[in-house]
Structures are given as structure tokens and as C-alpha cells.
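Visitor: I'm new to reading structures, and I'd like a walk through this one. Could you show me how to read its features one at a time?

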Amino acid sequence: MLIKNTVGKKIIMAITGQMLVLFIVIHMIGNSAIYVGGLNAYADRVHALPLLVWIFRLVMLMIFSLHIMIGIELYLENRKAKPEGYAVKQDLRATFASKNMLWTGLLTGAFLVYHLLHFTFQVINPEIAALRIHDAAGRPDVSGMVLQSFQNPAVSSVYIFAVIMLSLHLSHGIQSSFQTLGISNERTLPGIIKTGSVAALVLFLGYVSIPLLIFIGVMKG
Amino acid sequence: MNLTLYIWRQKGPDKKGGLQQFKAENISPEMSFLEMLDVVNEQLIKIGQEPIAFDHDCREGICGMCSQVINGVPHGPQERTTVCQLHMRHFKHGDSIYIEPWRARAFPVIKDLIVDRSALDRIIQAGGYISVHTGGVPDANAVLISKKSADTAMDASECIGCGACVAACPNGSAMLFTAAKITHLAMLPQGKIEAARRVCVMTEAMMREGFGNCTNHYECQAACPKDIRVSFIARLNREFIKAQLKDTG
Ligand code: HEM
Ligand code: FES
């Protein structure tokens, strides 16, 4: 049974992790519509297919639940396996990111709940909810909601902090998932490690740019 | 040279331990680390105190008995070197040196710097072997093995089972050890036959013994005195996936 074996659990982590990465890559490309003034049109087109949107959300929820549950289980098992530390310990290869996967993951997860309530279900700031306020073309004004939200320093700080957590998680997670799936060898591993860090950096820039540019006033309505 | 040592002392498995300070005086840079400890122990015996207990056997870097975490690194600061092959010329007069036992739930301390590593033997017992008929010695070249496979198997077989990978791993995982054994056998025709079962039972034995899961920190490779590579862990993972696709038990 995959879920009972140590490698099996890691494989589930790696596959669910890679699916989540795939999602956030698509999500980032979708978000970039805001730079060309196309966010409302994009959102409108996606939500024209409500059944598909809901099936997709359910699948994402399942992937997330598996990733979180097994992530917590791995963490607890690993902590138990090393009950006593050293008075002096030097890390030769482990990084801040690799040692804090559970925490960067959980903070990303907590942010996700906020993010869904904020922009998907729009219950946090109902006064700017795109579900109710429409643009000139009669579409939900997603772009206006985003612009107004990120002018608030508290809101944009939360988003920027969450993006930092996610990027740390992925700076270790991407390369780790390839190693776990056995898609690496002596020759390719150094390149995979570098590519993973670069990908995490690209995702960081792609996601941090929107709240940052709106907050410092470069991007306006 | 003179050194200040902080060494983990623990009277027995269930006793409380702690770091104790010692002075090592007139140490020659030509000495090995273990010889330096021998000098300290002789002084202790002379003044009627109990010597520091530590594991060692061959003292030439091949048996895997020596096992000390020196200044936070298993086997000390010299790469690809066991404690017994570490020389005092890598330290300076006046240095402080912290010496601790391997730490992991699966490696309980027996006394001072000595830990019980028989959990590694039980991982081998679970599946780190091949089943053959005994009898006459087979002809040396009857089974053809490519040079590349033989080389990889030899690289993996360099593992001396010292447990430095477990000591270095923040998760106390024995994946590098297990991966070396899996690779060693899976590369050879004789080992391929039982490869699928082997990878399953050996990884299960690893968890049963209380080792942690691998999360790819790669601390193990950096600490390994025999330079066993984490690419063997990727190979173990591939062997595991292959085993899932087959349906032999
Ligand atoms: C609530 C949220 C999350 C939690 C609690 C969580 C937790 C974890 C944990 C504990 C690990 C294993 C650490 C390791 O193997 O080093 C992990 C790995 C991983 N996570 Fe997450 N994570 C979360 C969200 C995410 C998200 C949003 C993504 C991607 C967008 C992601 C991608 C990955 C990847 C790619 C791995 C590597 C899998 C592997 O090592 O083989 N995680 N996560
Ligand atoms: S004593 Fe044998 S390897 Fe060090």
C-alpha cells in the first residue's frame, strides 16, 4: 500500500505537490491578465463554466487535503525519529526552507483560506465584492476589487508575506519532488536543484508583483 | 598542542547524560583523533577515573565502527574521512572540540559515545541479501555484468554501515544506508530477481526500527565518509515505483 510505506507517502507528497505547482503556474498566468486590463474578461470566461469550476475546486480540495495530511504525518514521524538534538550541529546541506517545510506549508494553507474568503467567496470585504459590483461591460469587476484591496497596506502585506512562504516552500519542494519520484541522477540533480530555486523565484516575482505594484501606486485603476 | 574537549558522558542506556569538560595536553598533530582520545583516557585511568567509552575497531576507515559527532559534523570536519582517519593536524592549539554520540531514536546510547546500531543490521536482515543455491563456486565470468553496472554496484557497496547518514539527517532517516544496499544489489543480475520485494521490505523495516522519512535535505551525502551519493536514494525511489507496477508480493 502506497500510503503505508515511507517512499509511498513521499510519492503522494511529490505528485500532489507537483499538481499544486502546476495549478499555481496557471493561476499566475491567469492573474497576469491584470497587466493588460483583461482580468475581468478572463474571470468572466472561466466562470461561464460553473460545473467545471466546481469539479476543479473539489479536485483541488482533495489534492490539498492529501498533501496536508501526509505532510503532517511525515513531520510527526520525523520529529519522533530524532528525539534528541546535538549541543553543536552544523548544517552542511540542509537549508532554512528544507527544515521548515511544514511551517511554510501551513502558513500558505492558512493564507489560502483567507484568500478564498477574500477573493473567491468575497465575504471579507463585501463592500467591494465583484460578485455585486459590475464593470461597464456588465461583468463582475474583479480588477476593481483587486486594486482596491491592495491599496490597503495590511491586505497587501498579508499577500506579500504569504507569497514569501510559498516561495520558500517551493525552493525546496520542487527539486525534492523530482528526487522523490526518482527523476534525477548524479548528472542531473545539481541542475534540478538550481531549476527548482529559479522556478520558485519566478513564481515569487510573478505573484508578489501585483500586490506590490498596486500598493506602491505604480499600478492604478 | 593543547585542546579543550566537551564530551558526552552517559553511564548507561537509561541514565541521564551530559557534556563533560576535559583537557587534552601535548597532543601531536600526527595523531589520529582516536589516538588523541586514547591519550586522554590513559590520563583518566592514571588518576583512577572511568575512561571515555567510544566505538572503534579497524582504525583504518573500513569497518564503520568509529562514530562521533565532532563539532556538529558526523566524523568531523574532514570530508570523506572516518573519525579514525581524521588527524589532529586539522585542529589548532587552543581549539574547543565538542564530541557527541550519533543521535537518533533508532540508535539508543549504550554508554558515553557508544550507540546501538543493530537497527541497521535488521534492515539488512529484512531483505539485503540474495537467495542462491549453495554448492560449487560458479565460474567467474558465467554471468555477464556491464562495466557501468559493476562500477555503480561497487560505489554503492562502499557503504561501511557506520550510520553517519542517520546521525546527520535532521529526520533520523536511514535512507542513504538503505539506498546504498538496494542499489548495490539491484545493479547486479543476481540481485535483480528479488529487487521488487527487497525495496518494499527494507523500507518497511527502516520505519519499523524507528528511523524517519527522507525529505531530501541531502545532509547524509555531505556527512558520509565513503561519499555514498543521494542519487542512490533516487534509484531506490525508482525501484520502489517499479515494484508497485509489478504485482509480485
Ligand atoms: C497547507 C498547505 C501545505 C502544507 C501543510 C504543506 C506541507 C508540506 C510538507 C510537510 C512537505 C514535505 C516536506 C519535504 O518532503 O521536504 C511538503 C512538500 C511539498 N509541497 Fe507542500 N505543503 C502545503 C502547500 C503546498 C503548496 C500550495 C504547494 C505548491 C503550490 C506545495 C508543494 C509541495 C511540493 C512540490 C513538495 C515536495 C514533495 C517532495 O518532497 O517530494 N505544498 N509540503
Ligand atoms: S574504526 Fe573502523 S572505520 Fe573507523
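Guide: Let's start with a term: helices (H or I, at least four residues) and strands (E, at least two) are DSSP runs, numbered from the N terminus. Take B:R59, which is found in the loop between helix 1 (33-46) and strand 3 (69-70) of chain B. Before going on, know that this is a predicted model, where local features need pLDDT of at least 70, side-chain atom pairs count only at pLDDT 80 or more, and totals for chains, interfaces and linings use all residues. Residues are numbered from 1 along each chain as its sequence is written, chains are lettered from A and ligands numbered from 1 in the order in which they are written, and side-chain values use heavy atoms, with hydrogens and water left out.

Visitor: What is the phi of B:R59? And is B:R59 buried, partly exposed or exposed?

Guide: Its phi is positive, about 55 degrees, although B:R59 is not a glycine. For the second part you need cut-offs: buried means under 20% relative accessible area, exposed over 50%, and partly exposed in between (1.4 Å probe, protein chains only). B:R59 has a relative accessible area of 25%, so it is partly exposed.
B:N216 also has a positive phi without being a glycine, at about 60 degrees. B:N216 sits in the loop between helix 7 and helix 8 (219-223) of chain B, and with 4% relative accessibility it counts as buried.

Visitor: How many helices and strands does chain B have?

Guide: Chain B comes to nine helices and seven strands. Its C-alpha trace spans about 65 × 35 × 35 Å along its principal axes, and 53% of its 249 residues count as buried.

Visitor: Into which domains is chain B divided?

Guide: Domain bounds come from an automatic or database domain assignment. Here they give domain 1 (3-110) and domain 2 (117-248), with 29 Å between their centres, taken over C-alpha atoms.
Contact means heavy atoms within 4.5 Å, and 20 residues of domain 1 of chain B touch 19 residues of domain 2 of chain B in that sense. Buried area is the accessible area (1.4 Å probe) that two parts lose on being put together, summed over both. Between these two domains it is about 1400 Å², with 63% given by carbon and sulfur atoms. On the domain 1 side, B:R80, B:A106 and B:F107 lose the most area to domain 2 of chain B, together 35% of what that side buries.

Visitor: Which residues have the most contacts inside the largest nonpolar core?

Guide: The general idea is that in soluble globular proteins, nonpolar side chains tend to be buried together. A nonpolar core is a set of buried Ala, Val, Leu, Ile, Met, Phe, Trp, Tyr and Cys residues joined through side-chain atoms within 4.5 Å. The largest one here has 48 residues, and B:F107, B:I123, B:L176, B:F211 and B:I233 have the most contacts inside it. Helix 5 of chain B gives the most to this core, six residues. Domain 1 (3-110) and domain 2 (117-248) of chain B both give residues, so the core lies between them.
As for B:F107, its contacts beyond four places in sequence include B:W102, B:V115, B:L120 and B:F211.

Visitor: How many residues does each chain give to the contact between chain A and chain B?

Guide: Chain A gives 39 residues and chain B gives 50. The area buried between the two chains is about 3600 Å², and carbon and sulfur atoms give 53% of that. In chain A, A:Y86, A:R93 and A:Q179 lose the most area to chain B, together 16% of what that side buries.
B:N237 is buried, with a relative accessible area of 3%. Beyond its neighbours within four places in sequence, B:N237 is in contact with residues including A:V7, A:Q179 and B:M175.

Visitor: Which protein donors does the iron atom of ligand 1 have?

Guide: Donors are N, O and S atoms within 2.8 Å of the metal (3.2 Å for Na, K and Ca); water is not among the atoms, so sites may look incomplete. The protein donors here are A:H67 (NE2) and A:H169 (NE2), lying 2.0 Å from the iron atom. A:H67 lies in helix 3 (residues 50-81) of chain A and A:H169 in helix 7 (residues 153-180) of chain A, so the pair ties together parts that are 102 residues apart in sequence. A:H67 counts as buried at 15% relative accessibility, and A:H169 is buried too, at 14%.
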